[in-house]
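Please look over the sequence and the structure shown here before reading on.

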Amino acid sequence: DASHYPGQPGKVFINNAGQLSSSVIDMDQERHNLPWSGNYVTGCAVIQWSKTDENGKSLSGTTWGIYASGDASAKPLTTVSDNGAGDLDAAGGSLRVGGLNPNATYYIRETKAPDGYSLNTNVYKVTAGDAGEDNAATVTGDGADGSIRNEPSSVSWTKTDKDVPGHHPGGSEWTLKKDGGSTWTVADIGDTTTTCTTDDTHLCDANPEPGSITVNGLPDGQYTLVETKAPDGYVESNNEYSFTITDGKAEWANPASADGASIPNERRTGSIAWAKTSSATADRLSGSEWTLTKTKDFEWGADGKTTYTDITNPRALTITDCTDASCATGPGTHDADTIAGGFRIEGLAWGVYELVESKAPDGYDLDPTVRTITIGPDGVTAAIGNDPTGNQAGGDAFSRNLGDIENSPGATLPD
């Protein structure tokens, strides 16, 4: 009230020290470098702006600094929060600030973003108009409608083939937990046609590329991520990954990456089993030996499809019939079945193999059939029994039983 300050006509303004000031925002020209005419103003100017999301929808919950210069590191003249003290507009997402010097230049910058959105670090310049709310100057933002936009917070990670880091297998599923808060399931969509709905327990993958997962709209806080379903053909990662979102931006604690976490999966290996039997009695036969040769290596094609390429100098491995524990364990490719006439080969890497009997059981004819075994992301395709082209259905796709492989009794020589 001017009556408390004799000799000062009309409205007057005081700063926090109780001193006369040129504006309600603060101080004299020397402190905030605002235009100063040598007289106290008798009216205030107003500036206004609006906040929207990436789709143009109003966003509330922001806080701003108003500055005398474009230096974002400077101390603000004042701060204002949406629908807080100093905001003259009751609508969420719309801010209106008065008490400013008419025709003076101001700068505004967001200092707190809405939950689930990245902080907009741009500095916006505005020149106040004449005194009075009817002359409010509008800040021009980056939106098509002149509003100031916020992009949703975003965290991304990718799945990689440990043997080929450039390949990103799709189909993984995850549990995402906010420390002290909610837990959600996230599934890799991997296409542009699947509809995803976000609710209290599920978050959508916003990236349509297989093996690349992006979750938008997470509020600031600390999070942990655990894989609960690996891509087909791969082993689940046993690690727990963590990241922190600050001002809408994610920073990984493990592993650290500028463009998101790269999380590898090991390929599942294949196993095959078969039994050597007599065609005459169906009894198990011991003593046979086999040659297992990897003839083709697995490769991911440029289009992400499976390819198999010939090995120039394939190496043949001899498999003998193991009948005790001493030969059924240890490194290398060997028979892991200790029952006579039974065979099980484990730990086979992706590729194409040929299996052929190299020594028949005593008293039986050699079976010269070459059986082809293919191992890849879909599992093991192999011959069944005496059919060299068949494929066993059901069970674990990476563990195939070829069934009984028969030998016919050989000719009996006279004494």
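## Residue V215

In this predicted model, V215 has a relative accessible area of 1%, and because buried means under 20% relative accessible area, V215 counts as buried. The residue belongs to strand β15, which spans residues 212–216.

Leaving aside its neighbours within four places in sequence, V215 is in contact with S153, S154, V155 and W157, and also with V186, L203 and C204. For C204, eleven residues away from V215 in sequence, the C-alpha to C-alpha distance is 6.4 Å.

## The protein as a whole

The protein holds 28 strands and two helices, and 40% of its 415 residues are buried. Of the contacts between residues at least 6 apart in sequence, 56% join residues that are at least 24 apart.

## An open sheet of three strands

Three strands form an open sheet in the order β24-β20-β28, and their pairing is mixed. At the edges stand β24 (342–348) and β28 (399–407), each of which has a single partner strand, so that one side of each is left without a neighbour in the sheet. On average, and with direction ignored, neighbouring strands of this sheet are turned by 15° against each other.

Strand β20, covering residues 270–278, runs parallel to β28 and is joined to it by seven bridges; A273 stands opposite N401, a residue in β28.

Technical notes. Residues numbered from 1 in each chain as written. Predicted model: local features only at pLDDT ≥ 70, side-chain atom pairs only at ≥ 80, totals over all residues. Heavy atoms only, no water. Helix = DSSP H or I, 4+ residues; strand = E, 2+ residues; numbered from the N terminus. Buried < 20%, exposed > 50% of the residue type's maximum accessible area, 1.4 Å probe, protein only. Contact = heavy atoms within 4.5 Å. Pairing = 2+ DSSP bridges. Axes fitted to C-alpha atoms, helices over the stretch in contact; angles between N-to-C directions.
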